[in-house]
Amino acid sequence: MQSKLTLRLDDELIRKAKDYGRRRRKSVSQMVAEYFRALDTTGSAEADATPPLTSSLCGLLNDVKVDEADYRARLEDKYS
């Protein structure tokens, strides 16, 4: 079953959406429906998962004792 939905948008945004849809041979309604369908799938656990590179870095420095003095010394070495 299909129902109507009223959206209030800026005239320029509507014009751009219609131009974009025309180039892709889709109506604005089709594009909005596709967007809403995509929202449903992005809520899955996979979409919220941490990227592999980030996961590999988690906990890497747990046993390392570094303080502000170490950081300043590193910057002095780097830029002197």
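This is a predicted model: local features need pLDDT of at least 70, side-chain atom pairs count only at pLDDT 80 or more; totals for chains, interfaces and linings use all residues.
A residue counts as buried when its relative accessible area is under 20%, as exposed when that value is over 50%, and as partly exposed in between.

Let us start with Arg 15. Its relative accessibility is 40%, so Arg 15 counts as partly exposed.

On one side is Glu 12, whose side chain forms a salt bridge with that of Arg 15 at 2.4 Å, N to O. Both residues belong to helix α1, which covers residues 11-23, and they sit 3 residues apart, about one turn of the helix. Glu 12 has a relative accessible area of 35% and is partly exposed.

The other partner is Asp 19, which meets Arg 15 in a salt bridge at 2.8 Å, N to O. Here the two residues are 4 residues apart in helix α1, again about one turn of the helix. With a relative accessible area of 23%, Asp 19 is partly exposed too. Through shared partners, salt bridges link Glu 12, Arg 15, Asp 19 and Arg 22 into one network.

How many salt bridges does the structure hold? There are 5 salt bridges in the structure, and the table below lists some of them.

| Salt bridge | Distance, N to O | Helix |
|---|---|---|
| Glu 12 and Arg 15 | 2.4 Å | α1 |
| Asp 19 and Arg 15 | 2.8 Å | α1 |

**The largest pocket**

Now for the pocket. The largest pocket has a volume of about 640 Å³. It is lined by 19 residues, and those closest to its centre are Leu 7, Val 28, Ser 29, Gln 30 and Val 32. Which elements give two or more residues to this lining? They are α1 and α2, the latter covering residues 28-42. Helix α2 supplies the largest share of the lining, 9 residues.

What kinds of residues make up the lining of the largest pocket? The lining divides into 11 nonpolar, 4 polar and 4 charged residues.

Key: Residues are numbered from 1 along each chain as its sequence is written. Side-chain values use heavy atoms; hydrogens and water are left out. A salt bridge is a side-chain nitrogen of Lys or Arg within 4 Å of a carboxyl oxygen of Asp or Glu. Buried means under 20% relative accessible area, exposed over 50%, partly exposed in between (1.4 Å probe, protein chains only). On a 1 Å grid over the protein atoms alone, a cavity is a set of points where a 1.4 Å probe fits but cannot get out, and a pocket is an open set with protein on both sides within 12 Å along at least five of seven lines; lining residues have an atom within 4 Å of a point. Grid points are joined across faces, edges and corners, and a volume is the space filled by probe spheres set on the points. Ala, Val, Leu, Ile, Met, Phe, Trp, Tyr, Cys and Pro count as nonpolar, Asp, Glu, Lys and Arg as charged, and the others, Gly among them, as polar.
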